[in-house]
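User: Could you walk me through this two-chain model in plain terms? I'd like to start with the surface.

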Amino acid sequence: MKALLIRDIRLAVRAGGGFGLGLAFFLIVIVMVPFAVGADTGLLSKIAPGVLWIGALLACLLSLDRLLALDFEDGTLDLLATAPLPLEAALSVKALAHWITTGLPLVIAAPVLGVLMNLPTQGYVWLVLSLLLGTPALSVIGTFGAALTVGIKRGGLLLSLLVLPLYLPTLIFGAEAAQRGAAGADASTPMLLLAGISAATIALMPFASAAVLKVNLR
Amino acid sequence: MTLTVTNLTIIRGGLPVLADVSFVLETGQALILRGPNGVGKTTLLRTIAGLQPSLNGKVSGAQDQIAYAAHSDGLKAMLSVTENLSFWAEVFGQSDISHALVAFELENLSDRLAGTLSAGQKRRLGLARLLVTGRPIWVLDEPTVSLDTTSVAMFAVAVESHLKSGGMALIATHIDLGIEQANVLDVTPFIARNDVAMGSSVEAFL
């Protein structure tokens, strides 16, 4: 399992691995928002948590079609399916590698970009915490979507359509927690629900992903 | 140890392609599968490797014993030869890759990125992967594609030494590998008849 994790991270950071893709997209979107909305700092700080969450979610979505498609094309998935490692574990590890190379950089970049969005001071902690709790769910749900569409050429559109509705609960509670935190209100309820979503998806999604992948490998 | 295939009916796209395939493979033996293109050799190998369900019949002795190699080698262009091999060795719980590098004469290429290798060299790396799995049953689909005669001989030697050390091999190929311990199985007589296909297609889809 460690070998797979190290290999996936190594592949992501080497040339053509797409490590910076999500991060660059996140950066571009958030930098553009103040230009498009205007320099009204009151408005910007009001929409900041929501825009940052949408940016992070779409950046995550952008990198999903590479998650399994490359391993499918070069036959790695067939070989992994015959390896001693259970497919559920292999997919959990791949989701973890995706989170480390995509979700974690977004969490780290978010407070920096929060400055551009004039995010209120008390909101930073909640923004980072909510992203830290929510992005793992995005990675495991995304792995499920990738497993579902893995045999399809140019499956990116279908993947987005399938995954976006599954992302909504995470977005709703994540953005709500960041919003309440920024407004100085109590954010513990949406935060707990967000943690619940992440815990449940991390526990259950690998089994669903492995089941659909087995069908797709036939 | 024995690999036993009993009355196996295999399906492709929901339709049976080969029916009632039976054979027994004992330790130290190799079985060469022959048959025209599209007859179902790949499907048969994938079914035995557990990648595809069969319509009926059974395969015993294959669970967690198979090293499978098909047309694509599962190599990453941006990883070096050593990194590619060590990854698969670790996945299969092995640590030593030097014997595999030696067997397929890859020592001088060990630091090269797999993406910069020629087709034949990639193929050799893909076959070297079999040696680092430590699995006894090799299931190989057209292993000699893009190999020159020297490399084919290299491969035959690797298979023979694998058989001598108590392994088995099931190989679909069109060329003569010159392996002494090998039996040949022509799969053409097992081609499924169409009336069978009509009856079982619904069931196969479920």
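This is a predicted model: local features need pLDDT of at least 70, side-chain atom pairs count only at pLDDT 80 or more; totals for chains, interfaces and linings use all residues.

User: What share of the accessible surface of chain B do carbon and sulfur atoms supply?

Analyst: Residues are numbered from 1 along each chain as its sequence is written, chains are lettered from A and ligands numbered from 1 in the order written, and side-chain values use heavy atoms, leaving out hydrogens and water. Accessible areas come from the Shrake-Rupley method with a 1.4 Å probe, and for residues only the protein chains shown count as cover. Chain B exposes about 8800 Å², and the carbon and sulfur share is 52%.

User: And what is that share for chain A?

Analyst: The accessible surface of chain A is about 9400 Å². Carbon and sulfur atoms account for 74%.

User: How many helices and strands does chain A have?

Analyst: Helices (H or I, at least four residues) and strands (E, at least two) are DSSP runs, numbered from the N terminus. Chain A reads α-α-α-α-α-α-α-α-α from the N terminus. That comes to 9 helices and 0 strands.

User: How many does chain B have?

Analyst: Its elements run β-β-β-α-β-β-α-α-α-β-α-β-β-α from the N terminus. The count for chain B is 6 helices and 8 strands.

User: What percentage of chain B is buried?

Analyst: Buried means under 20% relative accessible area, exposed over 50%, and partly exposed in between (1.4 Å probe, protein chains only). Of the 206 residues of chain B, the buried part is 54%.
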